[in-house]
Amino acid sequence: MEKEVHEQFEQYEYARKRIKQKKNLYFHFVLFLLGSLFMFVANRFLDISTTTNWAVWAITCWFFIFILHFIKVYITDRFMNKNWEKAQIERLVSLQQKRITQLQNDLVEETDTHTL
């Protein structure tokens with residue numbers, strides 16, 4: 001019973017975390033659109049800088065950062081979730097257990113050889 005409650009809590013926390021990630025991504029997208037519009041207008045009409053197309057470079061860099069954010073939310077975090085973490089932990093623990101067992105067996109063999 002307690003294990004089921006714990007699993008439900010973990011599922012709830014995972015869902016909450018994913019929703020927060022997506023919400024932040026959507027906010028980032030809206031901010032990108034508004035910021036890009038502002039930079040384009042500032043570059044085009046306000047003549048803020050002497051460099052001619054600084055807004056294009058800034059928008060391109062920001063777009064690249066947004067794409068990285070998108071990849072993190074929808075690709076990386078989607079596949080490398082709690083289940084993936086658990087599987088990796090179990091695999092590493094299993095490898096460690098095998099190594100410990102092998103070392104114990106080697107130690108027993110070594111002590112048996114020295115006692116004879």
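Predicted model: local features only at pLDDT ≥ 70, side-chain atom pairs only at ≥ 80, totals over all residues.
Accessible areas come from the Shrake-Rupley method with a 1.4 Å probe. Glu109 lies in helix H3, residues 82–115, helices being DSSP runs of H or I with at least four residues. Residues are numbered from 1 along each chain, and local features need pLDDT of at least 70, side-chain atom pairs 80 or more, whereas totals for chains, interfaces and linings use all residues. Side-chain values use heavy atoms, with hydrogens and water left out.

A nonpolar patch, whose side chains are joined within 5 Å, has about 890 Å² of accessible area together and includes Phe64, Met80 and Trp84. Helix H2 (residues 54–79) supplies its largest share, 7 residues, while Met80 is found in the loop between H2 and H3.

The largest pocket has a volume of about 180 Å³; a pocket is an open set of points on a 1 Å grid, with protein on both sides within 12 Å along at least five of seven lines, and its lining residues have an atom within 4 Å of a point. Among the lining residues are Glu10, Tyr14, Asn81 and Lys86, and H1 gives the most, with 4 residues.

Lys86 also forms a salt bridge with Glu10, the closest N and O atoms being 3.2 Å apart, under a limit of 4 Å between a Lys or Arg side-chain nitrogen and an Asp or Glu carboxyl oxygen. This pair links helix H3 with helix H1 across 76 residues.

Technical notes
Helix = DSSP H or I, 4+ residues; strand = E, 2+ residues; numbered from the N terminus. 1 Å grid on protein atoms, 1.4 Å probe; cavity = no way out; pocket = protein on both sides within 12 Å on 5 of 7 lines; lining within 4 Å. Points joined across faces, edges and corners; volume = space filled by probe spheres on them. Patch = residues over 30% accessible without salt bridge, like charges linked within 9 Å, V, L, I, M, F, W, Y side chains within 5 Å.
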